[in-house]
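Visitor: Could you show me how to read the features of this model, one by one?
Guide: Gladly; let us look at it together.

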Amino acid sequence: MMYRLRAVVCALAGITVFTCIASVKWFLVTDHLVEQRASRASAPPEDPRWSRVAETMARRREEVEAACEGRGRGERGGAGAAGSGGGEVSSDSSSASSPPLDRRKLNNLIVDDKNRILYCYVPKVACTNWKRVMLILTGRTNETSPLSIRSDSVHRTNVFTKLSQLEPDAIHHRLKTYTKFLFVRHPIERVLSAFRNKFQKNYTSSAYFKKRFGVKIIKKYRQGIDPAQVPVTGDGVKFPEFVSYLIDTKRSQLNEHWATVSDMCHPCAVRYQIIGKYETLAEDSEYILRKVGASPDLHFPEIIPSKTTAIVESYFDMLSDEQQRDLIEIYRDDFELFGYHHRDLI
């Protein structure tokens with residue numbers, strides 16, 4: 001009798017152990033499947049072009065990294081500009097070991113804590129539309145279509161949280177853990193786009209730039225002009241006059257519409273995972289939105305081909321040989337870091 005009782009107890013114990021093991025395995029498999037589904041939901045869609053774009057982004061990162069290493073990270077290209085006293089701000093740095101930050105240097109980096117994104121905006125590189133998209137991503141608007149957002153509203157003060165507004169520990173945490181991206185453009189094309197937009201067009205913002213900069217530029221660089229003949233509106237600035245102004249101005253004092261990308265975004269210190277280009281704007285933008293897990297309904301606005309591209313060479317030919325060389329020198333860091341070439345212009 002005792003023998004049978006022991007057998008029953010052992011059998012029941014075995015069944016219990018087996019059941020527990022099976023249950024654990026079932027939960028583990030279930031959790032794994034859930035994780036797989038979540039991973040698939042946040043990953044870019046199964047599309048061969050995303051693999052190709054990812055390879056392009058990796059190559060661009062490597063080119064920037066190589067260029068930064070070649071100049072010692074603290075010499076040029078804004079490598080040390082983001083840290084006080086030339087200290088480096090690195091996405092791999094920790095708040096305990098990094099030098100104090102000059103947070104004003106990080107004013108172009110927009111923070112999206114909801115999606116864990118840092119976007120460095122560069123004027124004249126589709127930044128208005130990207131700011132529209134960022135408003136939707138951050139949940140600061142009820143609009144679902146970027147073009148439904150007024151263009152002037154995204155440039156107002158305090159619309160976004162800037163990295164420069166945060167405390168050092170918070171800055172380092174985001175630099176180390178967030179997805180960081182920016183968009184760049186051929187330096188001379190970008191300068192020309194800014195010139196045409198601010199000095200040759202009649203937009204509302206153009207009037208400010210003409211009065212703020214145009215009057216002084218004409219007074220200083222228009223040969224033989226009577227100061228009394230300088231238009232008070234600042235209309236009529238010529239491209240060679242504008243370039244002379246750029247050459248005579250310290251890089252640190254250039255307006256953000258024509259400042260170097262290196263000085264605004266510090267690519268040698270802030271290690272961007274994604275470097276989009278104006279030349280591949282549509283594809284790069286869609287890749288970023290899918291990469292960060294944006295709503296499937298959110299897309300970058302339709303791209304309108306720039307008219308500036310076709311006239312860059314004709315405007316560049318207006319400059320003297322010396323002006324051409326000096327202008328290229330101002331943006332040399334951007335040329336070298338982002339794989340652009342000026343040889344096709346001279």
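Visitor: Which way do the residues of strand β5 (residues 274-277) point?
Guide: In a regular strand the side chains alternate between the two faces of the sheet. Here I274 and G276 point one way from β5, I275 and K277 point the other way, and all are buried. Buried means under 20% relative accessible area, exposed over 50% and partly exposed in between, with a 1.4 Å probe and protein chains only. Strands (E, at least two residues) and helices (H or I, at least four) are DSSP runs numbered from the N terminus. This is a predicted model: local features need pLDDT of at least 70, side-chain atom pairs count only at pLDDT 80 or more, and totals for chains, interfaces and linings use all residues. Residues are numbered from 1 along each chain as its sequence is written, and side-chain values use heavy atoms, with hydrogens and water left out.

Visitor: How many bridges join strand β4 (residues 179-184) to β5?
Guide: Strands of a sheet pair through backbone hydrogen bonds, either parallel or antiparallel. β4 and β5 run parallel, joined by 4 bridges; two strands pair if DSSP finds at least two bridges between them. In β5, G276 stands opposite F183 and K277 stands opposite V184.

Visitor: In what order do the strands form the sheet?
Guide: The order is β3-β1-β2-β4-β5, an open sheet of 5 strands with mixed pairing. Its edge strands, β3 (161-162) and β5, each pair on one side only.

Visitor: Which residues have the most contacts inside the largest nonpolar core?
Guide: In soluble globular proteins, nonpolar side chains tend to be buried together. The largest core here has 89 residues, and W130, F242, L246 and W258 have the most contacts inside it. Such a core is a set of buried Ala, Val, Leu, Ile, Met, Phe, Trp, Tyr and Cys residues joined through side-chain atoms within 4.5 Å. Leaving aside neighbours within four places in sequence, W130 is in contact (heavy atoms within 4.5 Å) with Y119, F181, F183, L281, S285, I288, L289 and F300.

Visitor: Why is helix α9 (residues 281-291) largely enclosed by the rest of the structure?
Guide: Of its 11 residues, 8 are buried, so α9 is largely enclosed. Those buried residues are L281, D284, S285, E286, Y287, I288, L289 and R290. After α9 comes G293, whose phi is positive, near 80 degrees.
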